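Please open the model in your viewer and keep the sequence panel beside it. The tour below says what to select at each stop and what is to be found there.

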Amino acid sequence: MGFMSTARTKARSFGATHSLNNYGILIGFILIVIFMSFATPYFLTYGNIITILRQVACIGIATVAVGVLIIMNCIDLSIGSLFALCGIMAGLMVSTGKEGLGLPAPVGIVVGILTGVLFGLFNGVTVAKGKIPAFIVTMGTMSIARGLALIFAHGMPVGSFPDSYNFLGTASIDSGNLIPWSVLIFLAVVVLMNFVMRKRPLGRYIYAVGSNEDAAIAAGINTKKIKIRAYLVEGGLIGLGATLLSMRLKSAAPALGAGYELDAIAGAIIGGVSFTGGIGTVWGMVLGAMIIGVINNGMDLLGVEAFYKQVVKGSIIIIAVLLDRRRAGRG
Amino acid sequence: MTEPEIVLEMKHIDMRFQGVHALDDVSLTLRRGEVHAVVGENGAGKSTLMKVLVGLYSPNGGEIVFDGKPARFRSVSDTQAAGICMIFQEFNQVKHMTVMENIFLGREPKTRTGSIDYRKMLRDSEALLTGMGLDVSPRIFVRDLTVAKQQLVEIVKAVSYNARIIIMDEPTSALSDTEIAKLLDTVSALRAEGKSIVFISHKMEEIFGVCDRVTVLRDGKFVASDLVSNMDEGGLIRMMVDRDISAMFPKQEAKIGEVVFEVKGLSRKGEFEGISFALKRGEILGLAGLMGAGRTEIVEAIMGTRRLDAGEIFLYGKRIVNKMPGDAIGKGIIMVPEDRKRNGVALKLSVRDNILMSALRKCVRNGFIRRKLEKKYSTEYIDKLEIKTASDSQVCANLSGGNQQKVVIARVLNADPDVIILDEPTRGIDVKTKADIHNLMSQLAVQGKAILMISSELAEVQGMSDRIIVLHEGRITGTLDRGEADSNRIMQYAVGKTEGEVV
């Protein structure tokens, strides 16, 4: 069929500013990569690149998920807590420890994703029907999800997962460990979401709601339905990302994921998503997530202390958006 | 008679935005104590020229001479300090602050301890407002004022800056006739004080009524500048559009058929009551009335944006209920809203995305959006409505107001409606686009569409409607056929006289 390739070549400009934005981000990304490869020769080895991709995979899924919400002029602050809760729920299903149910791996995966979907549904319905700002609603669910994670796990990490469960997070499709499953799943999510945002009415309506909600309503779009659906998709993706992370870490902890929402939101913003909605692309978000991943990895390799890492990361987020504003002339 | 001294000159201004030559060698000379009209179609470059003047845009070429010295303004505060004030079309007021806080925003009087001296602010504001003959309390919130009063407060603010040059961008586009008269009086008073006023307007009676001199722009180029007394209306319009607009209201005879759409007893508390009318195939029905007569509220209730307290809506004799605009659009009823920036266009999205927004399903085959169909429909309407845009992926924010309005109309037509509601379809739009839209309305009626049009412009209501319903404070006070609708009668109904009292 090959429609995806036509989608990519022809449907480039959903709004003229996007391609421009992405070039700037791409150049920034390349500069960072060049700097890192000079700073530490190990950086550009195949093994390290795969490591980065593995690390990026889970948070990258969250970046794409929340990026879609930001395009819709909404937000999800509960991502970090949901990463903990979904991981715990999935883990409790499959764990062979005394808390776990020891069920087959697919049950764990389904429960992990469903937990995300349920929270997405709750967030979406409350935002759309209750007309409460998304910031407030998801700040509430952030606390609720964290609390539930602690309750279900009795405050302790869950481990002892069967190998059949850990498989997707740790194994590769080839024996040489060249292409990890987690990276492939991330790629699949990206391709799918790119398709949804560009070629499905849902995606187009998400842009419309984010650009001017009143105009979208007047144009006949059922904006409530769009919001709920967007949150459902986002919740499902968060569930998937969280499950994948628990597989990679071979454990789930109720304290996990603190600050993930900030990494995800920052990735989307660096990737050119407008914080006031209406503008952004999925590939831009991927690039944003990669930039954060590369910086994290680079600082690890350079032996930067954890405390300093936070300062550097925060500064880079601000600088990236600042440069972007300057260039686009909309500061 | 000697000419008054020159206050400001803009010489050979050149301005480009990403490939669009917005201003090409445009000059403007402003004298002391004159009201200087800047006219031209939408997209002619009037607003751009003014934004260059106040320092919002820095031009690619040309110079500004102020008081005989070259000036380069880098920001609005620069120009304000120099005594140039602009009152924007969408005036920049903080709606949740009081009138006095708005007037002194950014330069609040301070007490000795550095906190805001509200007592002095109140005294000064009162003096300013009464000095301008404006009956507005300084303590009232701006959001509670009518648009007209907000505008006048903005002028008071400009005066309080000791502005010597005041730029007004279409100041009367949202005002009623009495409010316009008040505003024009204020303009004359300012001129008598020796202030220079740049007056952007589309309305001939204002240009010939209050302005001394007029500069004409067309497609970003300077066309002419002369005393108004040396000009006539026809000549001025020709200069603006470079052709005769023989018929501003090209109403064609349409065959009026059966009743398509009917409402009975529509009521909503505090807004309108007992509204009943029927709309026929091929008919243009005008809804006339003053600001606040409830016209927009009625059509929003029909569309489902507002809830009805009582009343029924019928389409082809069948009762329908619209809970949201999407319901109405699905049944073939669609509206061009009054305020295109608020709920007409999505400015960040492309022309194509906007045109397709109401009927995206037309471009979907097997579950995904086809590029070819998108292209087909968007180009069809860009061509048909002559929308001036570089391409269909141009972002709407880069279009002129008139072209944005055409994009909204294109979106509405692309939904293939039977009933079209137009709420102030030509407000703040240049003469050429206005004639285009009137032409289109006429064609649509001939094609058998039923059209409901709200307009505050009497000439438009009279020129375009087959029948006119006049509203006053939420009630229908009169219904007039095309033949019997003179402006005097419409106005009498609009101010609340009933059938028997109208002469």
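Is B:Asp416 buried, partly exposed or exposed? Select B:Asp416 and the C-beta atoms around it: B:Asp416 is partly exposed, because 13 other C-beta atoms lie within 10 Å. In these terms a residue is buried if 20 or more other C-beta atoms lie within 10 Å of its own, exposed if 12 or fewer, and partly exposed in between, with C-beta atoms placed from the backbone.

Before moving on, note that this is a predicted model, in which local features need pLDDT of at least 70 and side-chain atom pairs count only at pLDDT 80 or more, while totals for chains, interfaces and linings use all residues. Residues are numbered from 1 along each chain as its sequence is written, and chains are lettered from A and ligands numbered from 1 in the order in which they are written.

B:Asp416 sits in the loop between helix 14 (401–414) and strand 19 (419–423) of chain B, where helices (H or I, at least four residues) and strands (E, at least two) are DSSP runs numbered from the N terminus. Its phi is positive, about 50 degrees, although B:Asp416 is not a glycine. Most residues other than glycine have a negative phi.

Next select B:Asp25, another residue other than glycine with a positive phi, here near 55 degrees. B:Asp25 belongs to strand 2 (residues 20–31) of chain B, and B:Asp25 counts as partly exposed because it has 14 C-beta neighbours inside 10 Å.

Then go to B:Lys318 in strand 15 (residues 318–320) of chain B, which is exposed, with 8 other C-beta atoms within 10 Å.

**Helix pairs in chain A**

Select helix 3 (residues 46–71) and helix 8 (residues 181–199) of chain A, whose axes come within 8 Å and cross at roughly 20 degrees. The axes are lines fitted to C-alpha atoms, for helices over the stretch in contact, and angles run from 0 to 180 degrees between N-to-C directions. This angle makes helix 3 of chain A roughly parallel to helix 8 of chain A, since angles under 35 degrees count as roughly parallel, over 145 as roughly antiparallel, 65 to 115 as roughly perpendicular and the rest as oblique. The residues of this contact divide into 12 nonpolar, two polar and one charged; Ala, Val, Leu, Ile, Met, Phe, Trp, Tyr, Cys and Pro count as nonpolar, Asp, Glu, Lys and Arg as charged, and the others, Gly among them, as polar.

Now select helix 5 (residues 105–129) and helix 11 (residues 223–249) of chain A, whose axes come within 7 Å and cross at roughly 150 degrees. Helix 5 of chain A is therefore roughly antiparallel to helix 11 of chain A. By class, their contact has 16 nonpolar, 10 polar and four charged residues.

**A covered helix**

Helix 13 (residues 282–301) of chain A has 20 residues and reaches 28 Å from its first C-alpha to its last. Helix 13 of chain A is mostly covered, with 15 of its 20 residues buried. After helix 13 of chain A comes A:Gly303, whose phi is positive, near 75 degrees.

Key:
The expected span of a helix is 1.5 Å times one less than its number of residues.
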